[in-house]
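Please open the model in your viewer and keep the selection tool at hand.

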Amino acid sequence: MSHDIRTPLTSLLGYIEILEQGQYKDEAQKKQYVEKVKEKTLHLKSLSDKLFSYFMIFGSDQLPVQLQ
């Protein structure tokens, strides 16, 4: 579970740093990076929603094995 959350977060930070520093070739590439940020954010939201649902159903005494 930790890997499932940390990997998209690391990607998000990378894309955000690129955007902050203006390290993109043109507006098309900038838009592509913004779309990637949105995609990774939606993925994280989905994972957190699944995790929340799991704990609502099973309680916090058990840890999920696989949420995907």
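How many aromatic pairs does the count come to? Rings of Phe, Tyr and Trp (its six-membered ring) pair if their centres lie within 6.5 Å; planes under 30 degrees apart count as stacked, over 60 as edge-to-face and the rest as tilted. By this rule the count comes to three aromatic pairs.

Select Tyr15 and Tyr33 to see one of them: the pair is tilted, with 5.5 Å centre to centre and 40 degrees between the planes. Tyr15 lies in helix 1 and Tyr33 in helix 2, so this pair ties together parts that are 18 residues apart in sequence.

Before the next selection, some notes on the model are in order. This is a predicted model, in which local features need pLDDT of at least 70 and side-chain atom pairs count only at pLDDT 80 or more, whereas totals for chains, interfaces and linings use all residues. Residues are numbered from 1 along each chain as its sequence is written, and side-chain values use heavy atoms, with hydrogens and water left out.

**The whole chain**

Display the complete protein chain, which has two helices and zero strands. Helices (H or I, at least four residues) and strands (E, at least two) are DSSP runs, numbered from the N terminus. Of the 68 residues of the chain, 16% count as buried; buried means under 20% relative accessible area, exposed over 50%, and partly exposed in between (1.4 Å probe, protein chains only). The accessible surface comes to about 5400 Å², of which 56% belongs to carbon and sulfur atoms. Such areas come from the Shrake-Rupley method with a 1.4 Å probe; for residues, only the protein chains shown count as cover. Among contacts with a separation of 6 or more, residues 24 or more positions apart account for 38%, where contact means heavy atoms within 4.5 Å.

**Helix 2 from end to end**

Now select residues 27–58, which make up helix 2. The expected span of a helix is 1.5 Å times one less than its number of residues. For the 32 residues of helix 2 this should give 46 Å, and the end C-alpha atoms are 46 Å apart, which agrees.

At the start of this helix, select Asp26 and Ala28: a side-chain oxygen of Asp26 reaches to within 3.3 Å of the backbone nitrogen of Ala28. Just after the helix, Gly59 takes a positive phi of about 85 degrees.

**The buried residues**

Which residues of helix 2 are buried? Select Gln29, Tyr33, Val37, Leu44, Leu47 and Tyr54. The buried residues of helix 2 pack against helix 1 (2–21).

Centre the view on Tyr33, which is buried, with a relative accessible area of 14%. Leaving aside residues up to four places away in sequence, Tyr33 touches Tyr15, Ile18, Leu19, Gln23 and Tyr24. The C-alpha atoms of Tyr33 and Ile18, 15 residues apart along the chain, are separated by 8.3 Å.

The side chain of Gln29 reaches the backbone nitrogen of Lys25 at 2.5 Å. This is a polar contact, that is, a pair of N or O atoms within 3.5 Å; within protein, one must be able to donate a hydrogen and the other to accept it, and residues adjacent in sequence count only if both atoms are side-chain atoms.

**Across to helix 1**

Select Thr7, which lies in helix 1 and is partly exposed, with a relative accessible area of 37%. The side chain of Thr7 reaches the backbone oxygen of His3 at 3.0 Å. The C-alpha atoms of Thr7 and Leu44, 37 residues apart along the chain, are separated by 9.8 Å.

**The salt bridge**

Return to helix 2 and select Lys45 and Asp49, which lie four residues apart, about one turn of the helix. Their side chains meet in a salt bridge (2.8 Å, N to O), and the structure holds one such bridge. A salt bridge is a side-chain nitrogen of Lys or Arg within 4 Å of a carboxyl oxygen of Asp or Glu. Asp49 counts as partly exposed at 37% relative accessibility, and Lys45 is partly exposed with a relative accessible area of 47%.

**The last stop**

Finally, select Tyr54, Phe55 and Phe58, which ring pairs link into a cluster. Tyr54 counts as buried at 16% relative accessibility, whereas Phe58 is partly exposed at 48%.
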